[in-house]
Amino acid sequence: MTKEQFKILAPCGMLGYGFPKASFMKGMEHEPDAIVVDAGSTDAGPHKLGAGTAIVSRQACKKDLEIIITEGVKAGIPVIIGSAGGSGAKVHVEWTQSIIMEILQDHGIGGIKMATIWADIPHEVVEAKLQAGECEPLGLTVAPLTQERLEATSRIVAQMGHEPIIEALAAGADIIVCGRAYDPSPFAAVAMYHGFDTALAYHLGKILECAALSAEPGTTKDSMLGTLKQDSFIVQPLSDARKCTAVSVAAHTFYEKDHPYILHGPGMVLNLEQCRFTELGDGSVEVTGSRIEETPVYKIKLEGAMKVAYRTFVVAGVRDPLLISRIEEVEELVKQQVRDYYSEVAPEDYSIHFINYGLNGVLGELEPQRTPAHELGVVFEVVAKTQELANAICSSVRSTFLHYGYEGRKATAGNLAFPFAPSDVPFGAVYEFSVYHLMEVADGLEMFPIEYTEVQP
């Protein structure tokens with residue numbers, strides 16, 4: 001029998017970002033039916049996926065998970081983690097599993113069932129789908145997925161929908177660790193499992209996956225409660241310092257979409273054109289009118305990263321008004337002098353970039369107000385075929401720029417102020433998305449195997 005309402009507690013917008021314990025415990029006082037938290041994103045680019053590292057530190061992840069898991073187990077409600085470890089590949093999921101097992105051991109917690117839903121896609125599957133015409137680039141800027149690029153890809157994941165998570169819930173899982181997941185899916189799945197409307201569940205998931213970012217003032221570092229009813233849902237912040245308004249929740253509905261009210265997901269399209277946002281007078285907002293349709297062909301989004309180069313960078317400051325007035329001209333002259341010096345190195349083996357904060361460091365050529373500040377923060381980077389080459393070229397760029405004799409210069413002690421020593425920072429490997437595609441599958445369960453672990457008392 002379907003419940004009259006279903007409550008989901010979202011601790012924070014990213015596992016490991018942190019949240020006030022008081023807000024979380026206030027959420028627990030509402031007796032939520034599930035705790036769900038998103039742990040992943042591609043916002044920071046492909047590096048974490050390619051390198052197999054987490055977005056947050058182990059210490060931060062454990063700090064958040066400790067209260068989430070202990071309180072979830074105490075309340076007897078499911079805890080669901082989406083996109084574990086940040087990118088949701090096997091290495092990230094196993095990293096999260098180890099933290100969970102450590103917490104369970106530290107607190108003597110047993111007698112629970114943990115489900116792990118893997119989201120790794122074998123290279124040969126992608127290759128076969130490409131040959132069958134069932135895998136397409138997600139946008140015109142995605143490079144063709146050649147055999148060479150596919151082989152160079154370190155790992156590939158796919159965004160799961162709600163189907164495997166529902167299956168894990170049906171199997172009695174107390175803790176569900178998802179590999180890469182479509183951000184709203186873990187939230188939607190637990191509500192759908194209990195019979196609530198798919199469209200409302202996904203729309204609520206779209207809001208809750210960022211926690212209190214839809215409140216005023218917005219933040220991902222605070223808790224939110226979502227309450228699903230039969231024909232609507234309510235979102236409310238759990239801190240007295242925040243409130244939701246019709247505008248703040250509607251604005252977040254538009255967040256991270258290429259269309260004002262259409263949102264594509266695995267095997268479905270969410271249509272929010274008819275939504276209504278009503279303030280309830282207590283800092284919460286009720287939402288109605290969400291709609292959803294299944295797509296004729298079920299497609300999942302693939303993400304894969306490949307190593308393409310190595311980076312070294314320098315951060316420096318410029319205060320000389322003469323240099324600031326012609327900074328881009330001098331930078332081009334510096335580039336040319338370095339290229340001339342390293343004439344034996346193939347030009348395609350490295351590139352030199354400058355970012356001028358205080359002039360156009362954020363928008364670049366799109367900057368409409370190109371009036372320089374009285375001082376500039378200059379970041380210059382070299383991306384090269386090897387780390388050694390990146391280090392060598394960057395060192396030459398730095399020394400050339402530091403003493404470059406531009407017209408009108410009065411002081412010869414140096415053009416740059418360095419906040420750190422050593423000034424040159426070898427960053428390491430640079431990755432790019434080699435796989436950013438939509439792949440056809442039979443259904444939402446096909447590519448996401450589930451593994452169960454019984455944690456003994």
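The model is predicted, so local features need pLDDT of at least 70 and side-chain atom pairs count only at pLDDT 80 or more, while totals for chains, interfaces and linings use all residues. Residues are numbered from 1 along each chain as its sequence is written, and side-chain values use heavy atoms, with hydrogens and water left out.

Start inside. A nonpolar core is a set of buried Ala, Val, Leu, Ile, Met, Phe, Trp, Tyr and Cys residues joined through side-chain atoms within 4.5 Å. Buried means under 20% relative accessible area; exposed means over 50%; partly exposed lies in between (1.4 Å probe, protein chains only). The largest nonpolar core here has 62 residues. Within it, I176, V235 and L302 have the most contacts. Helix α9 (residues 198-208) gives the largest share of this core, seven residues. Helices (H or I, at least four residues) and strands (E, at least two) are DSSP runs, numbered from the N terminus. Another core lies apart from the largest one. This other core has 33 residues, including M28, I67, A84 and I100.

Contact means heavy atoms within 4.5 Å. Leaving aside residues up to four places away in sequence, L302 touches I121, V126, C135, I156, V157, A158, V435, Y436, H437 and M439.

Now find helix α10 (residues 246-253). Six of its eight residues are buried, so α10 is largely enclosed by the rest of the structure. The buried ones are A246, S248, V249, A250, H252 and T253. What do they pack against? Their partners are α9, β9 (233-237), β12 (276-279) and β13 (285-288).

Next come the strands. Two strands pair if DSSP finds at least two bridges between them. Strand β17 (376-384) pairs with β15 (residues 299-318) through nine bridges, and the two run antiparallel. One of the residue pairs here is V314 with F380, its bridge partner in β17. Strand β17 also pairs with β16, through eight bridges, and these two run antiparallel as well. Y357 stands opposite G377 in β17. Is β17 mostly covered or mostly open? It is mostly covered, with eight of its nine residues buried. In a regular strand the side chains alternate between the two faces of the sheet.

Stay with β16 for a moment. N356 sits in this strand. N356 has a relative accessible area of 3%, so it counts as buried. It touches I327, E328, E331, G361, G377 and V378, not counting residues up to four places away in sequence.

Y357, V362, L363 and L366 make a nonpolar surface patch of about 460 Å². Patches are made of residues with over 30% relative accessible area and no salt bridge; like charges are joined within 9 Å, and nonpolar side chains (Val, Leu, Ile, Met, Phe, Trp, Tyr) within 5 Å. Accessible areas come from the Shrake-Rupley method with a 1.4 Å probe, and for residues only the protein chains shown count as cover. L366 lies in the loop between β16 (350-357) and β17. L366 counts as exposed because its relative accessibility is 70%.

Finally, follow the charges. A salt bridge is a side-chain nitrogen of Lys or Arg within 4 Å of a carboxyl oxygen of Asp or Glu. How many salt bridges does the structure hold? It holds 21. In one of them, the side chains of K26 and D240 meet at 3.1 Å, N to O. K26 is in helix α1 (residues 21-29) and D240 is in the loop between β9 and α10, so this pair ties together parts that are 214 residues apart in sequence. K26 counts as partly exposed at 29% relative accessibility, whereas D240 counts as exposed at 73%.

K229 forms a salt bridge with E286, with the closest N and O atoms 3.2 Å apart. This pair also links distant parts of the chain: K229 is in the loop between β8 (224-228) and β9, and E286 is in strand β13, 57 residues apart. K229 is partly exposed at 27%, while E286 is buried at 18%.

The salt bridge between E332 and K335 (3.4 Å, N to O) lies within helix α12 (residues 327-341), its residues three apart, about one turn of the helix. An α-helix has 3.6 residues a turn, so residues three or four places apart point the same way. E332 is partly exposed at 45%, and K335 is buried at 13%. Elsewhere, R58, K62, E102 and D106 are linked in a network of salt bridges.
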